[in-house]
Amino acid sequence: PVPAVRPHAHNVSHRGRPVLDASPISLTLQGGRTLGTGERVRSEARREVRDSVRPVAPVKSAVVADRFNELRLRLGDHELELRAYDEGIAYRWVLALGDSVTVRAEQASFAVAGQAEALVGIDTTFMTHYEPVYHRVRLDTLSHGRRALLPALISLQGGPKIAITESQLEDYAGMYLVSRDGGGVAGEFPRAALRDSARNDRDVVVTQRADWLARTSGRRALPW
């Protein structure tokens with residue numbers, strides 16, 4: 001028998017308590033190649049950053065601490081960059097694949113450890129102004145076309161809260177959240193628009209979609 005090829009996964013704990021169990025992540029490219037599955041780590045690099053940022057338009061704080069430990073795993077012609085902050089974690093794929101690349105699918109999963117509910121805005125159309133009323137819902141109700149918008153706030157029963165969001169989103173599909181087999185939530189990404197039709201000065205409806213998420217530079221960091 002051929003052994004199963006397991007994807008890369010991340011897990012998170014807070015003060016010794018599991019927050020996310022092993023959560024697989026991967027990236028599937030045109031031609032069927034999948035980054036994050038069956039790969040050997042060629043090398044790793046670590047660094048500590050203890051810095052601060054002064055926002056151009058401060059809202060809560062004039063100075064924001066920028067403190068994290070970083071691990072970069074080199075996997076050949078791409079890397080997986082992971083950061084652990086005082087109050088959160090982040091990861092992204094960093095590509096060195098040539099002039100351009102077509103991303104067909106992305107696996108982003110969040111295997112929430114234990115009973116939880118979410119405070120989210122709901123979308124059913126992949127067309128939103130991100131101005132919905134937020135509702136408290138069970139994670140398993142995010143199915144059959146019901147998707148959670150980002151940011152999403154998940155409350156663990158008797159434990160910490162988990163905020164899921166993304167940043168540096170450019171030339172790439174935005175992530176929604178749906179219920180995940182085995183518990184928790186997973187990212188769902190709309191396919192790229194090929195044709196659209198304007199209803200009015202604000203609403204543009206996609207009338208035809210590609211079978212891929214993004215065609216973008218092959219030498220770039222994807223969104224966090």
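Predicted model: local features only at pLDDT ≥ 70, side-chain atom pairs only at ≥ 80, totals over all residues.
Two strands pair if DSSP finds at least two bridges between them.

View 1. Look for Leu 119: its bridge partner in strand 10 is Arg 136.

**View 2. Strand 9 also pairs with strand 12.** Strand 9 covers residues 116–123, and strand 12 covers residues 152–156. The two run antiparallel, joined by 4 bridges. Which residue stands opposite Glu 117 in strand 12? Find Ser 155 there.

**View 3. Strand 11 is another partner of strand 9.** Strand 11 takes in residues 147–148. Strand 9 and strand 11 pair over 2 bridges, in the antiparallel sense. Here Ala 148 of strand 11 stands opposite Ile 122. In a regular strand, side chains alternate between the two faces of the sheet.

**View 4. Strand 4 and strand 5 form an antiparallel pair.** Strand 4 runs through residues 43–53, and strand 5 through residues 64–74. How many bridges link the two strands? There are 11 bridges between strand 4 and strand 5. Ser 52 stands opposite Ala 65, which belongs to strand 5.

View 5. Strand 6 covers residues 78–85. Antiparallel to strand 5, strand 6 is joined to it by 7 bridges. Leu 71 has Leu 82 in strand 6 as its bridge partner. Now move to the turn of the hairpin: 3 residues lie between the strands. Gly 76 takes a positive phi there, near 105°.

**View 6. The whole chain sets the close-ups in context.** The chain has 18 strands and 0 helices. Its radius of gyration is 19 Å, close to the 17 Å that the globule rule gives for 224 residues, so the chain is as compact as a globular protein of that length. Along its principal axes, the C-alpha trace spans about 50 × 50 × 45 Å. Of the 224 residues, 38% count as buried. Among contacts between residues at least 6 apart in sequence, 53% join residues at least 24 apart.

View 7. The accessible surface of the chain comes to about 13,700 Å². Carbon and sulfur atoms account for 47% of that surface. The chain has 31 positive and 27 negative side chains. The centres of these two sets lie 2 Å apart.

Note on methods:
Residues numbered from 1 in each chain as written. Heavy atoms only, no water. Rg over C-alpha atoms; globule rule 2.2 N^0.38 Å. Buried < 20%, exposed > 50% of the residue type's maximum accessible area, 1.4 Å probe, protein only. Contact = heavy atoms within 4.5 Å. Areas by Shrake-Rupley, 256 points an atom, 1.4 Å probe, with all protein chains shown as cover. Lys, Arg positive; Asp, Glu negative; His and termini not counted. Charge placed at Lys NZ, Arg CZ, Asp CG, Glu CD.
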